[in-house]
Amino acid sequence: FLYNLTNEVLAPVPRHLLHVHGRDWCRPDTIASNGPFQLVAWEQGVSLTLERNSSYHGAVRGNVQRLSVTLTKPWDEGHELLYQADEVDVLATSFGTRVEIIDRLRSRFPHEYETRADGTRTLFYWLDHTVPPLDDRRVRQAMALAVDRESFAKRWPLSAAAHGGFVPPGIPGHVAHLASYDPVHAARLIADRVRVVSPIAVIGARFVERIVQQLADDWRAVGLAVETRLCATFLDQERAWRETAGPKVGVVGWIADYPDPDTYLRVAVEEKLPHWKHGRYAALLREATRINDLAARLELYQAAEHVLAEEAVLVPLLYWGEHLMIKPWVATFPSLPGVHPGLKDVIIGPRENGLLKR
């Protein structure tokens, strides 16, 4: 409960301003906030300007007095040029910078690269288990066996192959060894159980284009007909998922909302698989919510991981951390697992030509 209270969706909203101003309550001239910064300018879809809130009562370890936020489209290729031109101080994958851009910049500016391997992020695929041939558990298991996670890690920079469960290594209850790679056995299972069906649609945002293509290649290699559909944003992906008939697979990532297996095995599974019902899995999660003994809870979640792996309706592919490019004059840039950093604690240090004004 306490972890959930720290989630940004539970930040207080001043109801009295909402009643007076409606959707405009959060504009610079009307907003009321109790955070470390105040909104002083907002060009919708372009930028935000924040200034230190002198009335903030919390502890502050940083020295930033003014914060300029540049808003761009998701995974904008222009992030690379902005960083090279010193127009931004920090790029981060959690802020929407493509991992390939971080990887290229890391090669040019190796001393400005940082990784926060918090182990709270899993890239995975889920599927529609109600449509043939994906309603056959043996076919789903064959698809999981056909996935070459080590090859995925090579194509997705700064990641690790997910040979364990859906809960990643940085979260209590992680199961280390669940996945196997056996394309020969997978091909045999496919040949025995799959007849002529519509091609399986693999749907993903362009952010995961490399993974979508690799999945398609791996599944074609074991005898499945596959087509790929790439979407500009995650919202477009959700729309494509709803509108696609026939067998389909989605690819996406999940970041912990709080450091507990529940955010993966209950919240994420319910969101991606709302119609999947499994008696033992549901019973394990119900029992895990009723007991306070942490070790016993984790054993229940680990047992649920084995059920999820056996059913192969949601299959982890990669674990990845936060990856950042940080200018040398940013002396301190803190972060918290799975959430945006505490910008109030950022410290800007001196540059060669003096102090950078912020």
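How do strand β2 and β3 pair, and over how many bridges? The legends below take up this question together with other close-up views. The structure is a predicted model, in which local features need pLDDT of at least 70, side-chain atom pairs count only at pLDDT 80 or more, and totals for chains, interfaces and linings use all residues. Residues are numbered from 1 along each chain as its sequence is written, and side-chain values use heavy atoms, with hydrogens and water left out.

**View 1. The open sheet β1-β2-β3.** Three strands, listed here in their order β1-β2-β3, form an open sheet with antiparallel pairing. β1 (37–43) and β3 (66–70) stand at the edges with a single partner strand each, so one side of each has no neighbour in the sheet. From one strand to the next, the twist averages 20°. Strand β2 (residues 47–52) and β3 pair in the antiparallel sense over 5 bridges, where two strands count as paired if DSSP finds at least two bridges between them. The bridge partner of E51 in β3 is R66. Strands (E, at least two residues) and helices (H or I, at least four residues) are DSSP runs, numbered from the N terminus.

**View 2. The open sheet β4-β12-β5.** This open sheet has 3 strands in the order β4-β12-β5, and their pairing is antiparallel. Because β4 (90–92) and β5 (113–116) stand at the edges with a single partner strand each, one side of each is left without a neighbour in the sheet. Here the twist averages 20° from one strand to the next. β4 pairs with strand β12 (residues 322–326) in the antiparallel sense over 3 bridges, and V90 has I326 in β12 as its bridge partner.

View 3. The 13 residues of helix α8 (residues 209–221) should span 18 Å at 1.5 Å a residue, and the end C-alpha atoms are 18 Å apart, which agrees; the expected span is 1.5 Å times one less than the number of residues. Within α8, the buried residues include I211, V212, L215 and W219, where buried means under 20% relative accessible area, exposed over 50%, and partly exposed in between (1.4 Å probe, protein chains only). G223, which follows α8, has a positive phi, near 105°.

**View 4. Residue L2 in helix α1.** L2 lies in helix α1, which covers residues 2–5. Because its relative accessibility is 65%, L2 counts as exposed.

Technical notes
Axes are lines fitted to C-alpha atoms, for helices over the stretch in contact, and angles run from 0 to 180 degrees between N-to-C directions.
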